[in-house]
Amino acid sequence: MAVHSRLRLISYSQELVDGQPVYVSSNSLPIKALKFEPAGHAFHTAALKLLGCEEEDADSEDQKVSNEKEQAYMPSYDSYSSKGKKKSGIGDKQQDHYALLGLGHLRYLSTEEQIRKSYREVALKYHPDKQAALLLAEETEAAKQAKKEEIESHFKSIQEAYEFLIDPVKRRIYDSTDEFDDEIPTDCASHDFFRVFGPAFMRNGRWSVNQPVPSLGDDNTPLKEVENFYDFWYSFKSWREFPHADEFDLEQAESREHKRWMERQNAKLSEKARKEEYVRIRTLVDNAYRRDPRILRRKEEEKAEKQRKKEAKFLAKKLQEEEAARAAEEEKRRKEEEERCAAEAALQQKKLKEKEKKLLRKERTRLRTLSASILCRHLLDLFEDDVENLCLSLDIEQLRNICDEMEGKNLLEQAKVLRDAGGSSHDSESNIQDEKKNVQQNGSAVSDGSVPLSSLEKKEKPWGKEEIELLRKGMQKYPKGTSRRWEVISEYIGTGRSVEEILKATKTVLLQKPDTAKAFDSFLEKRKPAQSIASPLTTREEMEGSATKQGPESSAAKMDNSEESSSISENNKKPDEGVAENGVSLSSEQDAWSAVQERALVQALKTFPRETSQRWERVAAAVPGKTVNQCKKKFALLKDNFRNKKNAV
């Protein structure tokens with residue numbers, strides 16, 4: 001089989017001879033090379049060998065293939081140095097380390113073992129000692145020297161490529177600067193989603209720190225795996241380095257401060273590039289998430305489920321409202337039926353009453369007709385008033401019975417029937433009135449004078465102030481949690497109050513607010529009576545005169561005192577209209593005011609002005625031996641005297 005030298009040969013791998021797929025892996029996810037097709041000169045050579053055909057000048061053809069590979073790549077003598085180092089010239093190109101070692105078809109997928117194996121093969125092949133035959137082919141010394149330098153520089157490039165690729169840090173930096181497709185898909189059809197976004201995620205998965213990278217899957221992938229896929233990419237961490245073209249070379253720093261400044265500038269540029277990389281990855285993930293048919297399908301299902309729940313809730317609410325309306329309608333219908341029945345019953349009752357009234361009028365007319373002749377003759381002293389009383393007091397049955405008895409008898413017997421009926425009616429009325437009076441007076445019917453009041457009409461004994469105070473103290477002394485608390489409090493009060501009365505009092509009596517308007521009255525009741533103090537200005541003559549005046553009248557006053565006390569007890573008069581504490585009647589002599597009392601009255605009126613609550617009670621308490629009425633009368637008298645003096649002036 002003739003081989004054309006002008007055709008570009010494809011590199012041949014021994015693993016493709018049997019047509020089996022090749023599994024290759026690096027620091028990224030292993031992929032299956034199923035799309036590689038064996039073709040080219042190497043494939044034909046392998047096919048001819050398998051078929052047993054002879055191939056002429058096979059070694060020379062292999063030599064031509066290797067020469068063409070060398071010519072296809074022009075080695076660069078400026079190797080890629082440390083991170084951040086500037087290139088010496090604008091036109092200089094970075095050498096392809098993978099191509100120098102024969103791993104251009106694998107590149108970042110090459111394993112460390114493959115790099116070592118390829119380096120041994122290439123180093124053995126392009127060692128200067130192995131290329132001595134090429135020097136002999138040159139005719140001149142200058143050509144030989146140039147060829148020697150070219151062979152040595154090529155071998156040095158191979159060594160430098162091996163040093164870069166065998167070192168993980170340098171290889172990562174080199175792989176970061178290798179050619180890469182940063183394009184992000186923006187839009188696609190629903191059926192092309194996996195074909196468009198699948199390769200994009202596979203390309204960018206090489207930069208992931210966490211391996212292996214989950215696959216995008218297909219349309220039948222479970223939703224849980226889809227969520228895990230997007231969670232992984234939303235928390236994506238990249239190991240990609242960003243040696244910027246304008247970074248500064250730290251070896252060219254003039255001083256330590258200059259070097260630190262270069263480091264800060266390089267860090268800023270790297271951080272900026274890293275942020276742009278994360279924004280790019282996030283944009284890829286967002287675009288895929290918005291267009292993923294599985295996510296869209298789930299959102300549609302959630303939306304439909306939400307709409308279904310909303311409709312179910314609306315229907316349930318509507319059914320509830322309808323049920324409530326139906327219940328209200330039934331209730332309304334029931335009430336209307338009850339009202340109709342009540343109206344019919346009332347109408348029937350009214351008709352019955354009208355019928356009874358007619359019958360009653362009929363019987364009364366009948367009785368009046370039968371007794372007309374008796375009344376005309378005044379038999380047994382019966383008059384029209386007696387008949388009218390019978391008509392008004394007796395009911396229909398009684399009137400009918402009387403009329404039936406009177407029919408068919410003579411006048412005298414009819415008069416006796418009327419008299420007997422009148423006597424029995426009077427007796428019944430008197431008995432009814434007596435019973436009503438007894439019920440009102442005693443609260444219940446009394447038999448033999450020993451029947452007690454009924455429990456319904458029995459009134460509860462009111463609570464006194466002392467009992468209320470004892471109840472408050474008992475509740476404080478025996479708090480909640482005390483065993484048989486209310487029985488103990490009942491014994492503490494000691495007035496025979498039951499537990500039910502005490503519980504009722506705690507909810508009624510104790511919750512009542514004290515009446516502040518009667519606070520002063522209670523104070524006056526509790527205060528001890530003030531002793532009457534004689535005026536220091538009173539002379540002996542006044543004392544003797546008052547004694548002589550009171551002497552002849554003392555006996556009469558005592559007599560009047562007994563009579564007035566008896567009248568007070570009978571008529572329940574007020575204490576101000578009765579007798580005083582010392583047994584002397586309230587006569588006109590007690591209206592006499594001493595100078596001390598007058599001064600006390602004037603001072604009290606100044607102390608307690610008109611706006612003061614309970615003014616006159618306080619004034620009377622401040623004036624010894626005088627009541628409220630006496631203070632008011634004295635004040636009116638003083639006011640009249642003052643006005644008279646003013647008019648006289």
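At 41% relative accessibility, Arg326 counts as partly exposed, a class that lies between buried (under 20% relative accessible area) and exposed (over 50%), as judged with a 1.4 Å probe on protein chains only. The structure is a predicted model, in which local features need pLDDT of at least 70 and side-chain atom pairs count only at pLDDT 80 or more, while totals for chains, interfaces and linings use all residues. Residues are numbered from 1 along each chain as its sequence is written, and side-chain values use heavy atoms, with hydrogens and water left out.

Helices here are DSSP runs (H or I, at least four residues), numbered from the N terminus. Elsewhere, salt bridges with shared partners link Glu363, Arg366, Glu397, Arg400, Asp404 and Glu407 into one network.

Helix H11, which spans residues 293-370, also holds Arg298 and Glu302, 4 residues apart and therefore about one helical turn from each other. These two form a salt bridge as well, their closest N and O atoms lying 3.7 Å apart. Arg298 is buried, at 17% relative accessibility, whereas Glu302 is partly exposed, at 46%. A further salt bridge joins the side chains of Asp192 and Arg195 (3.4 Å, N to O), and here Arg195 is exposed, with a relative accessible area of 57%. Across the whole structure, the search finds 30 salt bridges.

Attention now turns to the nonpolar residues. In soluble globular proteins, nonpolar side chains tend to be buried together. A nonpolar core is a set of buried Ala, Val, Leu, Ile, Met, Phe, Trp, Tyr and Cys residues joined through side-chain atoms within 4.5 Å. The largest such core has 23 residues, and Phe193, Phe197, Phe201, Leu216, Tyr230 and Trp233 have the most contacts inside it. At least two of its residues come from each of helices H8 (193-204), H9 (223-234) and H10 (256-291). Leaving aside residues up to four places away in sequence, Trp233 touches Phe201, Asn204, Gly205, Val213, Pro214, Ile281 and Val285, where contact means heavy atoms within 4.5 Å. Another core, of 18 residues, lies apart from the largest one and includes Leu360, Leu390, Ile396 and Ala421.

Technical notes: A salt bridge is a side-chain nitrogen of Lys or Arg within 4 Å of a carboxyl oxygen of Asp or Glu.
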